[in-house]
Amino acid sequence: MEKFYTTPRSETNRKAKNRYFSTLCLLVCGLVVLTLITLLTSIFITGGSWLSWEFLFAGHLEDNPEESGIWQAIIGSIAMCVLCALCALPIGIGTAIFLEEFQPRNKILRALHWLVQLNINNLAGVPSIVYGILGVTAFVYMFSYFPSITPNDPPYCEVGAEYRYQLKTLGGDFVNFPCPDKNDKEFRITEPLEAVNSQGSPFVLNVVDTRSQAPKNDPVLLKQTVVKGKRPSAYAVKSFFYFHLPFGKTVLSSGLTLGLVILPIVIIASQEALRAVPASLREAALGMGATKWEAVREVVLPAATPGFMTGAILAMSRAVGEAAPVLAVMGGVLVTTNGLTNLMAKTPVLPVTIYKWAGDENVGFEHLAAAAIIVLLVLLLVMNSIAILIRSRYEKMLG
Amino acid sequence: MAGKSERDFEQALLRNYDLKSSAMGKVSEALVMTLLVGCGVFSLAITVGIIVLLFSQSIGFFNNAELAIDPWTFLSDNRWSIGQTQGTPRYGILPLVSGTFRITGIAMLISLPIGLICAIYLSEYASPRVRSVLKPTLEILAGIPTVVLGFFAIKFITPYLLQPVGEFKTFNAASAGIAVGILCLPLVTSLAEDALRSVPNALREGAYGLGATRLEVTLKVVVPAALSGIISAFLLALSRAIGETMVVALAAGSTPTFTMDPRQPSQTMTGFIVETFQSESLEPDSIGYYSMYAVAAVLFVFTFTITLIGQLIRMRYQEVYN
């Protein structure tokens, strides 16, 4: 019997092309997977053996990679993350509600609505280093409205700091007393005054005119005696709510700057969360006589909360990995002496630490950087798992 | 009278309800609305703030009496030698711009084709099994902080991938470009896949019905139909690559060069800004401080324009299919 249909050459070619392309696609995708595997393995090989409890709980040491660690950086990263979430979440969710739930009839408001929506996506495209510059001008120097902070001058306007003078008495004891005027740089001891010794007990400072008049036979009194005209050194005792203007290169400035960086991400994620709430819920609330805001407050927001949380965690995980704005605002801090005691302190964070270590000439720090990357990736993994968990529950809930 | 009995009926009904004052409700509604509008205005204010700030401070750079640079020299001179102690400093931004575009070019050469192919594969070809591997891979890749990719570029790509092949410097444009390409890849893939998926199935079925192979359906029907979405994905990736900071700060070096050679170090606009910030001597109102704003203004003009165009293309395209 004669064949009903013979495959023309062109069709074989076309089918072959399809197969080739399919193979090419598979190869390219394999390359992508391979890239990720290479990336992760190279980091684990470089840094894996340097991970230890000592590494987690120690601080950075100059020229000593073996004993350096990242405890301050972990604390700093978490604090920064919480700070930026605190400032970005309310504004971000507010903007999302404005964009999704209120369709204004007013002409001006409608133009605003459109403009804000267009602007959100543009903000998401602004490089993070530009936000860093904005943060430096707006938060660190506050548009040069206040005199800028220098190491010699105390900040222009501050709360929660107590200035004290410290000096060494003839007996070798370090005593301190309150500073009457923090801007007086020429202060000298002229008359007896109330002071506190190194054990913390108060006494009256004994002032003698010259060193030869010192009560050499009485060691207790000698410890409380100073020569007239001695210049004490000033220092500040800062409470946990210590605060000054302008913010300067501090954790607060960088937290606020990171808040600006993640704001568009929060807004976009919150918008999606609001869109996922079924319209029937809103309509039911409105049908029962709720006003627009009542419907949003009582019905829509509770239903969208898990979505907000997912978005918030994803935005925070972006903030944890962001180095450029922090580097711009706070500088490349690797270690601080006092740690994070108030909002006006500096702190190292994980990405900046990784950046500084990776650029260090000491080869040991290369391994430390890889180890710190592993810690950072684990932190991100935990945050993302929480987000995925919340999302899967939420999807079940909304059906 | 019907009217009266109706009113009586209403009164009888209302007696049982404790009605809230509607005046209060109106006030609180207006208050909330104002607050929400305020939030929206805040996000606008950030953009306006960035624009005003960058351009007003750049004026400080051009008005500096010691330097006497005019904007034209700034944009056209091909040497950037700020911070060097010898010779007169020259402020031509071209080396920084060329550095940015060298790295961006390499990144685009990598991320656009690979990203598009991955997107096509995910949307048109992939079996659920391949998808379940590829999709998480891309998501993990998207979540990796940029500083990690910078580390990968100097510690792996340069010594093990590039230096065996040619005379690459320790800091070079190629390694930074490859790392930025890896960074942009998930972005291109996810946006392009969205665009491909939103092409209605009827178009595909029509083409299959005419006897087209899968490749023909993809290349001749689906990709052209999703073209605006794909272009917008490319533009967003481009703007992301131009603005990328940490990778180039680590891997591209801090020498502004004006060449086409990918083996040489090449400082970018973002790299210069980070380096300036890190110098301890940075004071407000110094030349270094102002030059940073001028560079940032140029950077912002590039990224903002590209994002805006991408956005407008995407908005148009959404109108077509929704």
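Select Ile242(B). Its place is in helix 10 (residues 227-243) of chain B. Helices (H or I, at least four residues) and strands (E, at least two) are DSSP runs, numbered from the N terminus. Ile242(B) is buried, with 24 other C-beta atoms within 10 Å. A residue is buried if 20 or more other C-beta atoms lie within 10 Å of its own, exposed if 12 or fewer, and partly exposed in between; C-beta atoms are placed from the backbone.

A note before you go on. This is a predicted model, where local features need pLDDT of at least 70, side-chain atom pairs count only at pLDDT 80 or more, and totals for chains, interfaces and linings use all residues. Residues are numbered from 1 along each chain as its sequence is written, and chains are lettered from A and ligands numbered from 1 in the order in which they are written.

**Around Ile242(B)**

Now show what Ile242(B) touches. Leaving out residues up to four places away in sequence, pick Thr100(B), Thr104(B), Phe302(B) and Thr303(B). Contact means that the C-beta atoms of two residues, placed from the backbone, lie within 7 Å. Phe61(B) and Ile242(B) are 181 residues apart in sequence, and their C-alpha atoms are 23 Å apart in space.

**All of chain B**

Zoom out to chain B. Which elements build chain B? There are 13 helices and zero strands. Of its 322 residues, 46% are buried. Take the contacts in chain B between residues at least 6 apart in sequence: 71% join residues at least 24 apart.

**Where the chains meet**

Show both chains. The contact takes 66 residues from chain B and 69 residues from chain A. On the side of chain B, select helix 2 (residues 22-62), which gives the largest share, 18 residues. Colour that side by class: 44 residues are nonpolar, 18 polar and four charged. Here Ala, Val, Leu, Ile, Met, Phe, Trp, Tyr, Cys and Pro count as nonpolar, Asp, Glu, Lys and Arg as charged, and the others, Gly among them, as polar.

**All of chain A**

Chain A has twelve helices and seven strands. Its radius of gyration is 31 Å, well over the 21 Å that the globule rule gives for 399 residues, so chain A is more spread out than a compact globule. That radius is taken over C-alpha atoms, and the rule is 2.2 Å times the number of residues to the power 0.38. Along the principal axes, the C-alpha atoms of chain A fill a box of roughly 135 × 65 × 35 Å. Buried residues make up 36% of chain A.

Colour chain A by domain. Domain 1 is 54-146 + 247-398, and domain 2 is 157-242. These bounds come from an automatic or database domain assignment. How far apart are the centres of the two domains? Taken over C-alpha atoms, 46 Å separate them. Four residues of domain 1 are in contact with five residues of domain 2. The domain 1 side of that contact has two nonpolar, two polar and no charged residues.

Select helix 4 (residues 107-125) of chain A. At 1.5 Å a residue, its 19 residues should span 27 Å, and its end C-alpha atoms are 28 Å apart, which agrees. The expected span is 1.5 Å times one less than the number of residues. In helix 4 of chain A, Val116(A), Asn119(A), Ile120(A), Leu123(A) and Gly125(A) are buried.

Move on to Met142(A), in the loop between helix 5 (128-140) and strand 1 of chain A. Most residues other than glycine have a negative phi. Met142(A) is not a glycine, yet has a positive phi of about 50°. With 16 C-beta neighbours inside 10 Å, Met142(A) counts as partly exposed.

**Strand 1 and its partners**

Select strand 1 (residues 157-168) of chain A with strand 2 (residues 174-178) of chain A. They pair in the antiparallel sense over five bridges. Pairing requires that DSSP finds at least two bridges between two strands. Find Gln166(A) opposite Asn176(A), then Arg164(A) opposite Pro178(A). The hairpin of these strands has five residues between the strands, and Gly172(A) takes a positive phi near 90°.

Last stop: strand 7 (residues 233-245) of chain A. Strand 7 pairs with strand 1 of chain A in the antiparallel sense over nine bridges. Which residue in strand 7 is the bridge partner of Tyr163(A)? Select Ala236(A).
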